[in-house]
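Reader: I have some questions about the labels used for this model. Please set each value against its cut-off.

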Amino acid sequence: MDDVLLGLVRTAVGVSTRAAARLGGVSLVQLRALTVLHERPDASLAELARGVGGSVSTTSRLVDRLVTAGLADRRPSPASRRSVSLRLTPAGEDLLDRYDRLRLTELRAVLAEVPGDRRDAVLAALGEFTAAAGRVAAAPTPVPADDVRPAVHEGGGGGGGDPACWLHRVCPACGRLADEDPPTRCAACGEELAVD
């Protein structure tokens, strides 16, 4: 079971990484942020940080880059003058649409490799899996006692750290995480990795 689940995750990350590479000039973390903003127009900085799995300060710098690139817009929040409201620009929507089309093209090619009489069952199972993943993501997740790590908060320790920042270490060919940082070559498949 674990091999199948890890294979599914590696496949999804590989598809996303290859699509991002084809777009060029935008990272997986930036694309994740655009996806969150698409799903939650007028999100606050804290909401976006939760959506990308990063700290508020790291996400603030991410937003700066998205605004500079013309992909997102930052305005004072109508709910609070002390907060900002974030949304995609038309250019951000267009980029996200191209990213999704690239991913769907590859995923459809993968699905075409599944025997025709099994495709509907595979899609139904993936739909159930996706719905369950949404429910699990929305609920607080207990951390197993043998996997407790110290929390890292802003300025010395923050809400679990920034796992999304590791995405630059993902191999676009096989979806595995590179052992070195910055990555140069995937230890699993030998693919040369671009260093940003």
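Reader: Is D64 buried or exposed, or partly exposed?

Author: D64 is partly exposed, because its relative accessible area is 33%. Buried means under 20%, exposed over 50%, and partly exposed lies in between, with a 1.4 Å probe and protein chains only. A note on the source: this is a predicted model, where local features need pLDDT of at least 70, side-chain atom pairs count only at pLDDT 80 or more, and totals for chains, interfaces and linings use all residues. Residues are numbered from 1 along each chain as its sequence is written, and side-chain values use heavy atoms, leaving out hydrogens and water.

Reader: Why is the pair of R74 and D64 called a salt bridge?

Author: The term asks for a side-chain nitrogen of Lys or Arg within 4 Å of a carboxyl oxygen of Asp or Glu. The closest N and O atoms of R74 and D64 are 2.7 Å apart, so the pair qualifies. R74 lies in strand β1 and D64 in helix α4, so the pair ties together parts 10 residues apart in sequence. Helices (H or I, at least four residues) and strands (E, at least two) are DSSP runs, numbered from the N terminus.

Reader: What makes E106 count as buried?

Author: E106 has 19% relative accessibility, so it falls under the 20% limit. Its salt-bridge partner R18 has its closest N and O contact with E106 at 2.5 Å. R18 sits in helix α1 and E106 in helix α5, 88 residues apart. R18 is partly exposed, at 21%. R18, R22 and E106 are linked in a network of salt bridges.

Reader: How do you know that the buried residues of α3 line one face?

Author: L45, L48, A49, G51 and V52 are buried in helix α3 (residues 45-52). Down the axis of α3, the buried residues fall within an arc of 160°, so they line one face of the helix. The arc is that of the directions from the helix axis to the C-beta atoms. Their cover includes α2, α4 and β2.

Reader: Which residues touch the most other members of the largest nonpolar core?

Author: Among the 25 residues there, they are L31, L34, L37, L48, L66, L95 and Y99. The largest share, seven residues, comes from α2. A nonpolar core is a set of buried Ala, Val, Leu, Ile, Met, Phe, Trp, Tyr and Cys residues joined through side-chain atoms within 4.5 Å.

Note on methods:
Contact means heavy atoms within 4.5 Å.
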